[in-house]
Amino acid sequence: EDATILTFSHFLPRVELLPEKRYLSLPTLPACSGSTFLESRLRELNEKMSSKTDGMKHLHAFGHSHLAYDLVVEDVRYVHVPLAYPREWEQRRRSLEIGTMAGDESHRRFPVSIWEKDTNFPSEWLGGWWSKYYTIMKREPHRTKELAPWVARRFKQRNSAAIVEDFNHVKMEMKHKLQHPSH
């Protein structure tokens with residue numbers, strides 16, 4: 001028999017559910033994100049349930065980061081639907097939009113359903129700019145001495161740090177990988 005698990009937390013259970021430090025306007029955010037205790041509890045639950053069933057689906061809804069996500073990591077689907085502050089919607093709407101919580105006008109953004117009586121979890125990917133990015137591009141957390149342009153504008157550059165001038169190469173690589181998935 002199949003099992004379906006739906007778990008919730010306010011905090012991020014994994015640091016992989018946050019963009020790399022070089023992309024964050026708040027560089028201290030990774031220090032308070034990713035809970036090894038919470039993640040170990042989710043793994044333990046998965047192990048117990050998978051040993052008792054033929055198939056299992058697990059969705060963990062989390063919050064805290066104010067970045068939309070829908071990403072599967074090690075057989076768990078992680079979803080974050082941020083409400084965010086109005087100024088965040090004005091400044092970086094693309095990183096907040098997910099499912100029906102999208103658009104420039106707040107009265108047209110609707111709650112996102114992560115559970116339905118007949119179908120359980122959403123069968124379609126809900127979206128999320130950063131989860132899409134990390135589905136296509138590999139994580140490179142060791143690259144801490146360069147900053148994305150939108151981050152660099154907020155800080156004073158020191159001699160040892162490099163600023164990536166633009167992200168056109170990333171956009172081109174993502175576009176190519178989407179058009180040619182086997183490469």
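Rings of Phe, Tyr and Trp (its six-membered ring) pair if their centres lie within 6.5 Å; planes under 30 degrees apart count as stacked, over 60 as edge-to-face and the rest as tilted. In this predicted model, local features need pLDDT of at least 70, side-chain atom pairs count only at pLDDT 80 or more, and totals for chains, interfaces and linings use all residues. Residues are numbered from 1 along each chain as its sequence is written, and side-chain values use heavy atoms, with hydrogens and water left out.

**Aromatic pairs**

The ring rule gives nine aromatic pairs. Two of them are tabulated here.

| Pair | Centre distance | Plane angle | Class |
|---|---|---|---|
| Tyr-23 and Tyr-133 | 5.7 Å | 85° | edge-to-face |
| Trp-115 and Phe-121 | 5.6 Å | 75° | edge-to-face |

Tyr-23 sits in the loop between β1 (2–8) and α1 (36–52), and Tyr-133 in helix α3, 110 residues apart. Helices (H or I, at least four residues) and strands (E, at least two) are DSSP runs, numbered from the N terminus. One aromatic cluster is formed by Tyr-23, Trp-129, Trp-130, Tyr-133, Tyr-134 and Trp-150.

Burial means under 20% relative accessible area, exposed over 50%, partly exposed in between (1.4 Å probe, protein chains only). Tyr-23 is buried at 4%. Tyr-133 is buried, also with 4%. Phe-121 is buried at 7%, whereas Trp-115 is partly exposed at 39%.

**Glu-140**

Glu-140 lies in the loop between α3 and β5 (146–147). Its side chain makes a polar contact with the side chain of Arg-143 at 2.7 Å. Such a contact is a pair of N or O atoms within 3.5 Å; within protein, one must be able to donate a hydrogen and the other to accept it, and residues adjacent in sequence count only if both atoms are side-chain atoms.
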